[in-house]
Amino acid sequence: MTGPSALLELLAQPRVLFPLVLTAKAALLTIPLHLAAGLGLGAYLARPKAPLRGLVEMAVTLPLVFPPVAIGFALLLLLGRKSMIGSWLLHGFGLEIVFSFWGVVLGSFIAGLPLIVRPVQSAIRSFPERAVEAALVLGKTRLQAFFLVVLPNVRRTVAAGLILAFGRSLGEVGITMMLGGNILGRTNTLSLEIYNAVSTGEFETALALSTILGCASSLIFLVLKRLGAL
Amino acid sequence: MQLRLDCRKILPRFTLEAYVTLEGPGITALVGPSGAGKTTLLRLIAGLERPDAGTIHFQDALWADYQLDVFLEPWKRPVGMLFQDFALFPHLTLLENVLFATGDRPYAESLMRSMNIWELRDKRPGTVSGGETQRCAVCQALARKPELLLLDEPFSALDPPTRRAVGEQLARRADELGIMMVLVTHTIEEAFHLSSRVLTLVGGRFATGWIEETVTQMERDAQDCRSLLSRMQSDRRIHQ
C-alpha cells in the first residue's frame, strides 16, 4: 500500500466499507444511549442511600475489571434464543440480539458504560447538595434542579465521559465477538475486521483499518485535551 | 400571618423539640449556641427535612403531618431561604440568578436596583464582592415573592459594617413587602438590632437564660480586654 490514494481505493472495497459503516452506525446509536444511561445511572449512584446501589455499581463497573470475552459469553447465555430473556424478546417484540446488529450495539454500550457512569457519578457526588436545595426552595422540582443546576455544572465531565465511552466502544472486540458472532457482512465491526484481516494474512487491509481507528482515537484525545479532561 | 410548629426531629446528639408559634409580618430572630438545632429548625420549615413526629402549619395550610403522612415538598411552599454556606449558582450571571426564581424581569430589575446591584447584572458570582453576592442572594430569595423568608446566618462571612448594611436593607425590604422572616444568627446585637422578637434555642429546646449568660460572658470578656489594655498601657509608661 502506497499513499492516500491506495488507502482510499482500499476503503472503497465493500469488504472494508461494510465494517466502517457498521461501526459508525453502532457508535451513533450508542452515544445517545450512553448519555441517557450515564446521566440516569450516574445520578442514581451518586445518592448515598439509593436502594441496591452496591449491586448496580458492581454491574456497571464489571466491564472495567472482568475479561470482555467472559462478559460476552455470559450475555450470550443470558440473551440467546433458548434463554428465558432471549426467547421473551424474540417472541414478544421480534427482537433478536445475539448474532445481529443489536448484539453489536449492546456490546459497544456495555463496554463503554463504566467510562461515562463513573465520572458522572463522581462529579454529581462532589457537587454541593446545598445548591440543589437552594433550587428546591426557589420553586424548582428535583428533576428541574438536576437539569438546571447540576447538569450545567458537570457538563464537561459528561462530555469527557461520553467521548471516552465512544472511544472504548469503537475498539470493542471481546463482547462484540461473542454477542455479534463476527459474521462477515453482518456483524464484523472495524476492530473485528482488523482481527479477521490479520488472521488471513491481509496485512495491508489491517494496516489501513488500524490507521482509521488510530485517527479516530487521536481525534478523541485532542477533544478530551480541549475539554480539560486530560 | 402565623407559622405553627408542633413537631420533633431526632438528631444524632439530641431531639429537636420544635413547639413554637411565630407571628408575622416582621423578623423573628433565633439565637443559640452552635449545634443547638437552629439550622435544622429552618430546614424543617423549608421542607428540606421531614419531622419525625408532629405537624407544621402555615396560616391554614398543613405543610407536614407525620401521622397522616402529609408532606408538602419545598418547591410547593411559599418560602425563600438564604443559606450560610451557599449563595448563588456559579454558572449564571447575577441577573440570571435572580430570574432563576421568577420569570418576571421587571420585578427582578426593581429588586436589583433597590439593592444597588443592577449595574452588576451581567457579572458572575465569583467576580463580585461578598456583600454584592449576598445582596443578590437576597434579591433571588425575594424574587419568588415568598410569604416566609428563612435566613440561616447569611451574613456571617461579611465584615461587620457590610453585614449591618445588608441586614438593614433586607429588613427594610421585608417591611415594605409585609413578609415574615426567621433570622438565625450568632450575634445577639444583630438579633436585637434587626428583629422585634428574639427566641433562644439550646440543645434542641426553646429556652430562656442563654441570652443573659452570653451577655454576661461578653461583658466579662470586655472587662478582661479593658484590664489587659490598661496593663499594656501602664507597662509602656514604665518602659518609657
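In this predicted model, 16 residues of chain A are in contact with 19 residues of chain B, contact meaning heavy atoms within 4.5 Å. Local features are reported at pLDDT of at least 70 and side-chain atom pairs only at pLDDT 80 or more, whereas totals for chains, interfaces and linings use all residues. Residues are numbered from 1 along each chain as its sequence is written, chains are lettered from A in the order in which they are written, and side-chain values use heavy atoms, with hydrogens and water left out.

The interface between chain A and chain B buries about 1,600 Å², of which carbon and sulfur atoms give 70%; buried area is the accessible area (1.4 Å probe) that two parts lose on being put together, summed over both. On the side of chain A, Arg130(A), Val137(A) and Leu138(A) lose the most area to chain B, together 43% of what that side buries.

The rule finds one salt bridge across this interface, a salt bridge being a side-chain nitrogen of Lys or Arg within 4 Å of a carboxyl oxygen of Asp or Glu. Glu133(A) and Arg43(B) are the partners, with an N to O distance of 2.7 Å. Helix H7 (129–137) and helix H8 (142–170) of chain A each supply at least two residues of the side that touches chain B; helices are DSSP runs of H or I with at least four residues, strands are runs of E with at least two, and both are numbered from the N terminus. The largest share of that side of chain A, seven residues, comes from H7(A). By class, the side has nine nonpolar, three polar and four charged residues.

Over all chains the structure holds 12 salt bridges. One of them joins Arg81(A) to Glu96(A), the closest N and O atoms being 2.4 Å apart. Arg81(A) lies in the loop between helix H4 (68–79) and helix H5 (84–93) of chain A, and Glu96(A), 15 residues apart from it, lies in the loop between H5 and helix H6 (101–126).

Chain B contains an open sheet of six strands in the order E7-E8-E9-E3-E10-E11, with mixed pairing; two strands pair if DSSP finds at least two bridges between them. Its edge strands, E7 (79–82) and E11 (205–206), each pair on one side only. Helix H4 (residues 130–143) of chain B packs on the sheet, touching E7 and strand E8 (148–152), and its direction makes about 165° with that of E7(B). This angle is taken between N-to-C directions on a scale from 0 to 180 degrees, with axes fitted to C-alpha atoms, for helices over the stretch in contact.

Within the sheet, strand E3 (residues 26–31) of chain B pairs with strand E9 (residues 180–184) in the parallel sense over five bridges, and Gly26(B) has Met180(B) as its bridge partner. E3(B) also pairs in the parallel sense with strand E10 (residues 197–202), over four bridges; here Val31(B) is partnered by Thr200(B). E10(B) and E11(B), by contrast, pair in the antiparallel sense over two bridges, with Leu201(B) opposite Phe206(B). Two residues separate these strands in their hairpin, where Gly203(B) takes a positive phi near 55°.

Further pairings in chain B involve strands E4 (residues 53–58) and E5 (residues 61–65), which are antiparallel over four bridges. Phe58(B) stands opposite Ala61(B), and Gln59(B) in the turn of the hairpin has a positive phi of about 55°. Two bridges then join E5(B) to strand E6 (residues 70–71) in an antiparallel arrangement.

Notes: Ala, Val, Leu, Ile, Met, Phe, Trp, Tyr, Cys and Pro count as nonpolar, Asp, Glu, Lys and Arg as charged, and the others, Gly among them, as polar.
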